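Keep the viewer open and try each task before you read its solution.

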Amino acid sequence: MQSFRSSENGWYRAEINASREMILPGFFFSGISSRSSMKCWTGGKKEMKFRKMMYAAAAAMLAGCSASGNAKAAAASENSGSAEGSRPIVIAVTNDMTTMDSSLVTDETSFSMLSLCESGLVQFDENKELAPDLAESWEVSEDGLTYTFHLRDGIVWSDGSPIKASDFVYSWRRLVDPDTASEYSYIMDSIHVANAQAVIDGSMDPSQLGVEAPDDRTFVIHLDVPCSYLLFCMSNPQFYPLPESFVEAEGDQYALTPDDMLYSGVYTMTEWVAGNSYTFTHNENYWDAEHYPQQEIVISYIQDSQTAMLQYDSGNLDLVTLTGDMVDRYKGEDGYISTLTSGVWWLAPNMEDPDLSNAKLREAISYAVDRQTICDSALKTGAIEADGLIAKDVSSGPDGTDFRDAAGDLTEYDPEKAAQCYAEAVKELGHDASIEILYDDTDETSKVAENLQQMIQDACPGITVTLSPKPKKTRIELMLSHDFSMVLTRWVPDYADPQSYLDIMKTGATMNGGQYSNEQFDELETKAAGGEDAADAEARFQDMIAAEHILVAEDHGIIPIYQEGGAIMVNPSVKGYLSLVIGTGSYRHMVKE
C-alpha cells in the first residue's frame, strides 16, 4: 500500500501505480503494466498556501435575464464593501447559476460558485498539482482498488459542527440514489466505485455503494476496477461532503437560499439575488482560513456582453468574458487572457426524428459544415475546428501521442460530397428533408447556429433548416426529454480522459439527448471503461479510438463543430485566476492587490 502523509515541514511527493495512460494538468498517469507512476502532493497545514485551483465544468448552463437588471446588479456591487472595507472582486458571468445543490449541479457557473464555498478531499495548487484539502493524507492499496482518506483533525462546517467521514458517505450515496435523480450519478460508475451502477439502476440500495466511514476521520472507497483519475475527480463538487442531518432537515428547501446551506470552503454565500448577483464572504471556519484574505467575491449575472464590458471599462467589474467581436478591440491590453479549453461543441441529431434517422442526411450535414470559417469569423475566441468528439490536448496514449493526433481527423468540409450525400438521402426518404436546430440564445451560439443554417442550406439544395433559440435551461430540458430535431450542445469533460466524453454517448446515457445507440460502440466503451481492457493501457486506448470512429465517422451520431476557446479580461490588480484546458477557470484563489 502506498501512503500520502502530511508533515509540519512541508510537502512530500509520493508515487503510486496508476491503471491507465494519460496526461493531466500538472501530473502524469501511466499504464499499469509499466513502471511509470502518478505523482501527487501532500502537505501540512502550516506550509499550505493555496492560491489557485481548477475544477471540471459541467456540461450545461442557464441563460435568461435582462441587461438592465444586470447593469443594476453590477453597479450595486460597487458599493458593497468587503470585510476589509474595500470593493469586492466582482465577476461577470453570461449564464446564471442553476443550483447550489452539489448532487444536482451540471452547469459551469454553479460549479464555480460551489468551488468558492465548498471543499472536497483534494484540490489543485498553484502549480496545477493535486494537493490535500479536507483530507490531510491517503493510502492506495497495491491493487489500486481501495483508497483510504484521512480527514484533518478539527475541520468544521460554517456553523462550527464537525465535518465527518460519514458526511462523504451520505453525499456519495445521495448522488447515486435514484430518488435524487442526479444527472451526474453516472460519474460514480465512471470512477468504478463498487456497486455504483447497480445502485443507479435501482437494483441495489444506496447503502451498498462501495464507500464506508470506519470512524469520523476515515473515509474508504472501494473500486471494482483501478481508476487512475479518481483523485482528479475528487476536486469536483459532486464528490464534496454534505451534512446529513442538516440536509435531511431542510428537505426540498435545501440549497435554495444562503441560510439553507452549510459551508466547508474558503467562502460562505451571504447574499443570493436570483437571476442577478451572488455574494461570497470569507469563511473564518475554513481549516486554512488564515491563508486567504478577508474579502468578498460577487458573481454578477450579466447576459449582455456589451453591458458587461461597459461595466468593466467603468471599473465596476474585475472579470468579464469577451465575445468574438470584442477580441480585436481588447487583444493585447493588460488583463487579456485567451485559452483553448476542453469543451467540444457538436450537433446532436435526434435519432428518432423521421428525417435525421437517415444516415446519409447526417453525413451530408457533416460535410456541409465549414468549421474553420465558424472559428475564424463567427467566434474569434481561440476556438479550433473539432476533428472528433474528444478534444485536442486533453489526454495521451501509452507512447505520449495526443489522443486527437492518434485518432486522426474524423470531420471534413466538402460541399460537393455534402450535395451528393443529400441527393442520396432524398432518394431514400422520398422527400426533401426539414430540420430544426435547437440552441442556447446567447450571442456566441446564435452566430454559430446562423452560420450552420446557411452552410447546410447552401450545400444541400432543397433542405429546410429552421432555428430554435431557447434559454439554456429550456434547451437542456428539451434535449434531455428528446424533444427536438437537432441540438447544438457541448460537453466539458470531468477528467482528462477520453472516457469522460465517450461515457455520455452510450445507449441510454442521461446526456445522450440524441438517443444514439450502437451495440459495437457500447461494447468498445465498456471494454475500455471497466471491462477486459481497462487495465491494459494500449488496448484501452485503441478501444476508445475505435469507438469514436464508429460514433463520428461511420454513424455520424454526432457532428462535431468546434473545440471551445475562451477570451476574458481580468483587472490587472486582481491575481490568482486560473484557466486551463480541463476546467473553465477557478475564482477560489483570486486576490485583489
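**Exercise 1.** Find what β19, α14 and β20 make together.

*Solution.* Start with the strands: β19 (residues 434-440) and β20 (residues 464-470) run parallel and are joined by 7 bridges; strands pair if DSSP finds at least two bridges between them. Right-handed here means that, with the strands pointing away from the viewer, the path from the first strand over the helix to the second runs clockwise. Helices (H or I, at least four residues) and strands (E, at least two) are DSSP runs, numbered from the N terminus.

Before going on, note that this is a predicted model, in which local features need pLDDT of at least 70, side-chain atom pairs count only at pLDDT 80 or more, and totals for chains, interfaces and linings use all residues. Residues are numbered from 1 along each chain as its sequence is written, and side-chain values use heavy atoms, with hydrogens and water left out.

**Exercise 2.** Describe how α11 packs on α14.

*Solution.* Two packed helices are described by the angle between their axes and the distance between the axes. For α11 (residues 371-379) and α14 (residues 443-459), the angle is about 135° and the axes are 10 Å apart. Axes are lines fitted to C-alpha atoms, for helices over the stretch in contact, and angles run from 0 to 180 degrees between N-to-C directions. The two helices are therefore oblique to each other (under 35 degrees is roughly parallel, over 145 roughly antiparallel, 65 to 115 roughly perpendicular, and the rest oblique). Next, list the contact (heavy atoms within 4.5 Å): α11 gives Thr373, Ile374, Ala378 and Leu379, while α14 gives Glu444, Lys447, Val448, Asn451, Leu452 and Met455.

**Exercise 3.** What is the orientation of α17 relative to α18?

*Solution.* Helix α17 (residues 519-529) packs on helix α18 (residues 537-554) at about 155°, with axes 9 Å apart. That makes α17 roughly antiparallel to α18. Residues in the contact include Phe521 and Leu524 of α17 and Met544 and Ile550 of α18.

**Exercise 4.** Work out how α10 and α13 lie against each other.

*Solution.* The axes of α10 (residues 359-368) and α13 (residues 415-429) come within 8 Å and cross at roughly 160°. The pair is therefore roughly antiparallel. Among the contact residues are Tyr367 of α10 and Tyr422 of α13.
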